[in-house]
Amino acid sequence: MCLAIPGKIQSIDTIHNGMVRMAKVSFGGIIKEASLEMLPAADIGDYVLVHVGVAISKIDEAEAAKTFEYLKEIGEIDELIEHTQVDKN
Amino acid sequence: MKFINEYRDASVVKEYISELHRITTRPWTIMEVCGGQTHSLVKNGIIGLLPDNITMVHGPGCPVCVTPLHLIDKAVYLAMERNVILCSYGDMIRVPGSKNSLLEAKANGADVRILYSPLEAVTLAKQNPDKEVVFFAVGFETTAPANALSVLHAKREGIKNYSILTSHVLVPPAIEAIVNDQTNIVQGFLAAGHVCTIMGIGDYYPLVEKNKLPIVITGFEPVDLLQGITMLIKQLENGEHKLENQYSRVVKPEGNPEAVKVIEQVFEITHRDWRGIGEIPYSGYEVRKELEAYNANVKFDIQLEKAEESPDCIAGEILRGIKKPNQCPQFGKRCTPLNPLGAPMVSSEGACAAYYHFSNVDVLV
């Protein structure tokens with residue numbers, strides 16, 4: 001139910017006399033419409049997370065990479081702690 | 001980067017699994033709150049790869065599972081007796097009420113429609129001005145903005161034949177209720193990433209502090225879940241309790257302020273009955289009084305007697321993490337997705353359905 005899927009904004013139209021921005025979002029080639037009312041700054045080319053027809057978040061690419069750096073980081077921290085303990089001994 | 005495949009990479013999964021085996025020295029019981037996370041864990045076989053010392057229990061974060069029986073009965077009544085076009089999300093249509101599900105009501109001639117978005121229901125109301133259109137608006141905080149937006153769209157366009165039957169619930173009061181339950185065995189939580197995408201993370205600090213409880217806001221893909229579990233186990237092993245955000249690519253500390261604004265325009269906080277759990281104070285949303293023309297409960301003044309739950313279904317214990325689906329005597333026998341006794345066997349997020357479809361529990365062999 002809380003399923004939300006990342007997709008790329010292909011184009012943006014307005015409806016309701018220009019009051020609502022609707023995007024065509026590509027989910028790996030499948031195009032669905034999504035409301036951009038929750039994301040006033042979203043633009044063509046952005047990756048957004050879409051839930052029941054509403055884009056709820058812009059995906060932050062720099063943050064996205066952190067998951068893959070985390071293991072390396074904690075490995076380095078653990079190594080540092082081990083070295084510190086060795087030094088103390 | 002496409003933000004999906006990278007988070008399903010087997011080599012990264014293997015690295016996280018071996019890290020978890022390295023750091024886990026004692027038994028820990030942790031709960032993933034969201035049913036989407038439960039399905040991802042079971043479907044991707046992650047539970048079987050975790051160290052034996054880690055027990056995952058599955059939380060109440062399946063909105064259709066916790067939607068109370070009497071609200072489903074109300075929806076069925078509206079569809080059968082009041083000649084409305086009743087619409088909702090696919091899962092909700094299949095959940096059994098005390099007599100019928102909405103799908104059975106449809107088979108008996110009621111006009112029940114499965115929609116992808118509540119915004120489509122407003123269009124439906126516009127196209128059918130001589131009929132009342134009711135959207136059965138279930139969900140957690142993630143879904144609240146879309147459901148609220150449908151009311152604002154209807155109002156803006158002057159559509160008067162549209163209303164919503166609300167069953168909205170909130171995650172933080174549910175975590176609080178689980179932690180305060182005397183039978184609680186959960187030592188740390190993976191909080192639901194998409195809920196926090198909307199609401200931000202502020203509500204979780206008091207839960208962490210008051211209950212000395214580690215909480216990691218976590219995403220839904222295999223690598224997300226494994227990183228979330230790793231962060232949580234590190235806290236538990238170190239005797240820490242912190243709020244951490246694994247899912248920072250979409251969860252900002254402040255959430256989505258536009259979405260929160262829309263929720264506050266349409267909904268107010270109320271006590272809610274959770275199916276299988278009971279009433280939790282201040283744990284859900286109802287349509288604000290000034291917008292009650294869009295509240296199906298008010299518009300149709302439905303008086304139905306509250307029905308009793310089937311005594312054979314242990315959904316309440318499943319949703320609080322006290323029992324696993326395969327510990328239910330009816331699991332896979334009298335209760336299957338085609339013939340469910342309770343909601344967790346129906347929904348694409350229900351723990352029982354996840355076990356039935358994807359796990360290798362002995363009872364199915």
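Predicted model: local features only at pLDDT ≥ 70, side-chain atom pairs only at ≥ 80, totals over all residues.
1. Chain A has 89 residues, of which 30% count as buried. If we take the contacts in chain A with a separation of 6 or more, 28% of them are made by residues 24 or more positions apart.

2. The contact between the chains draws on 42 residues from chain B and 28 residues from chain A. On the side of chain B that touches chain A, several helices give two or more residues, among them H1 (10–23), H2 (35–43), H8 (118–127), H9 (144–156) and H14 (257–266) of chain B. The residues on this side of chain B divide into 23 nonpolar, 11 polar and eight charged.

3. Helix H14 of chain B deserves a careful look, and a student may ask which of its residues are buried. The buried residues of H14(B) are Ala259(B), Val262(B), Ile263(B) and Val266(B). Because these residues cover an arc of only 100° around the axis, they are on the same side of H14(B). The exposed residues Pro257(B) and Lys261(B), by contrast, are carried on the face of H14(B) turned away from its buried side.

4. How do the axes of H8(B) and H9(B) cross, and within what distance do they come? The two axes come within 8 Å and cross at roughly 25°, which means that H8(B) is roughly parallel to H9(B). The crossing of these two helices is right-handed. On the H8(B) side the residues that meet H9(B) are Pro118(B), Leu119(B), Ala121(B), Val122(B) and Ala125(B), while H9(B) brings Ala146(B), Asn147(B), Leu149(B), Ser150(B), His153(B) and Ala154(B). In this contact of H8(B) with H9(B), eight residues are nonpolar, three are polar and none is charged.

5. Gly228(B) has its place in helix H13 of chain B, and Gly228(B) counts as buried because 28 other C-beta atoms lie within 10 Å. Leaving aside residues up to four places away in sequence, Gly228(B) touches Leu190(B), Val216(B), Thr218(B) and Gln246(B). For Gln246(B), the separation from Gly228(B) is 18 residues in sequence and 5.8 Å in space, taken from C-alpha to C-alpha.

6. Leu319(B), which lies in helix H16 of chain B, is likewise buried, with 28 other C-beta atoms within 10 Å. Not counting residues up to four places away in sequence, Leu319(B) touches Pro60(B), Cys65(B), Val66(B), Gly276(B), Ile277(B) and Pro344(B). The C-alpha atoms of Leu319(B) and Gly35(B) are separated by 9.7 Å, although the two residues are 284 residues apart along the chain.

7. Is Lys324(B) buried or partly exposed? Lys324(B) is found in the loop between helix H16 (315–319) and helix H17 (351–358) of chain B, and Lys324(B) counts as partly exposed because it has 19 C-beta neighbours inside 10 Å, whereas a buried residue needs 20 or more. Lys324(B) and Glu244(B) are 80 residues apart in sequence, and their C-alpha atoms are 27 Å apart in space.

Technical notes. Residues numbered from 1 in each chain as written. Chains lettered and ligands numbered in written order. Contact = placed C-beta atoms within 7 Å. Helix = DSSP H or I, 4+ residues; strand = E, 2+ residues; numbered from the N terminus. Nonpolar A, V, L, I, M, F, W, Y, C, P; charged D, E, K, R; others polar. Buried ≥ 20, exposed ≤ 12 C-beta atoms within 10 Å, placed from the backbone. Arc of directions from axis to C-beta. Axes fitted to C-alpha atoms, helices over the stretch in contact; angles between N-to-C directions. Parallel < 35°, antiparallel > 145°, perpendicular 65-115°, else oblique. Left-handed = near helix turned anticlockwise from the far one by under 90°.
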